[in-house]
There are 2 protein chains.
Amino acid sequence: MSESTVELDSVANILKLLGDKTRLTMIKILDTHDACVCEFVEIFKTSQPAISQHIRKLKDAGLVRETRRGQWIIYSLSKDSPYYPLVQDLLLHLPNQDFRLKELEEQGLRISCE
Amino acid sequence: MSESTVELDSVANILKLLGDKTRLTMIKILDTHDACVCEFVEIFKTSQPAISQHIRKLKDAGLVRETRRGQWIIYSLSKDSPYYPLVQDLLLHLPNQDFRLKELEEQGLRISCE
DNA sequence: ATTGAATATAATCATTTGCTTATATAATAA
DNA sequence: TTATTATATAAGCAAATGATTATATTCAAT
């Protein structure tokens, strides 16, 4: 069969991880654009530590990987995760979140990280 | 497009709900077989109130519906839920759980509810 | 009517979660 | 070297979660 199944317990963990509005939105955004912590801070109007902690969970689960670029750390979806296919299927059911990055650009806050 | 997207917040809630080993297994089982509380009690080797409370959450979210049959209440997937397509996609990534019902039958515990 | 079986609900409690504040680290710029 | 910016980490705390025990409800059988 073409569907790759994974351990049920692991899937439950992934779903718990994505069962959070902030993290789910992050992943949806990262599906189309890499981003840094400071951008998420703006988008979610919350504290930097809060964002860092969300990101760490996603990173610990292997869903996201980081690349340092100067003083910024750019986060992106880790496409080689065994859960990537599952996550992709999930994201199809979510409305596009590009408007959030658009808002940032209008405020001139997106460029600040590049 | 053919994909039906739903509110991101609602999806986060559904994922949180399914981000629990017990509930996720329940849904996977219900995808192929209706079941009653007493069967889940046997399968998960946990207390009856614990199972009832899990079921209530699934019911409150509209993922599951109940049908009384004598003294038993039979639970089944609610296929008209707006989240049914999402759930179906999810379940494809999970290993089959039929062995759990098979074990029940071998112990003669499945028939007890019919 | 009474008993028993299946299920639900309520109260309680320990654990987990997600935030906050405060502080540390790492890279850049002056 | 010192200051600044981006990010991480730690500690503390309130709220949410999932179990347990005890009790209520509902239907069936006697």
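I began with polar contacts between chain B and chain A and got four residue pairs, both residues at pLDDT 80 or more; the term means N or O atoms within 3.5 Å, within protein one able to donate a hydrogen and the other to accept it, with residues adjacent in sequence counted only if both atoms are side-chain atoms. This is a predicted model: local features need pLDDT of at least 70, side-chain atom pairs 80 or more, while totals for chains, interfaces and linings use all residues. Residues are numbered from 1 along each chain, chains are lettered from A in the order written, and side-chain values use heavy atoms, without hydrogens and water.

Next I looked up salt bridges (a side-chain nitrogen of Lys or Arg within 4 Å of a carboxyl oxygen of Asp or Glu). The interface has two; one of them joins B:Asp9 to A:Lys21, with the closest N and O atoms 3.6 Å apart.

Which elements of chain B give two or more residues to the side that touches chain A? I noted H1 (8-18), H2 and H5 (84-91), helices being DSSP runs of H or I, at least four residues, numbered from the N terminus. H1(B) gives the largest share, seven residues.

I then turned to H2(B), residues 21-30: nine of its 10 residues are buried, so the helix is largely enclosed by the rest of the structure. Buried means under 20% relative accessible area (1.4 Å probe, protein chains only). Among them I listed B:Leu24, B:Ile27 and B:Lys28. At the N-terminal end, B:Asp20 is the cap, a side-chain oxygen lying 2.9 Å from the backbone nitrogen of B:Thr22.

Key. Buried < 20%, exposed > 50% of the residue type's maximum accessible area, 1.4 Å probe, protein only.
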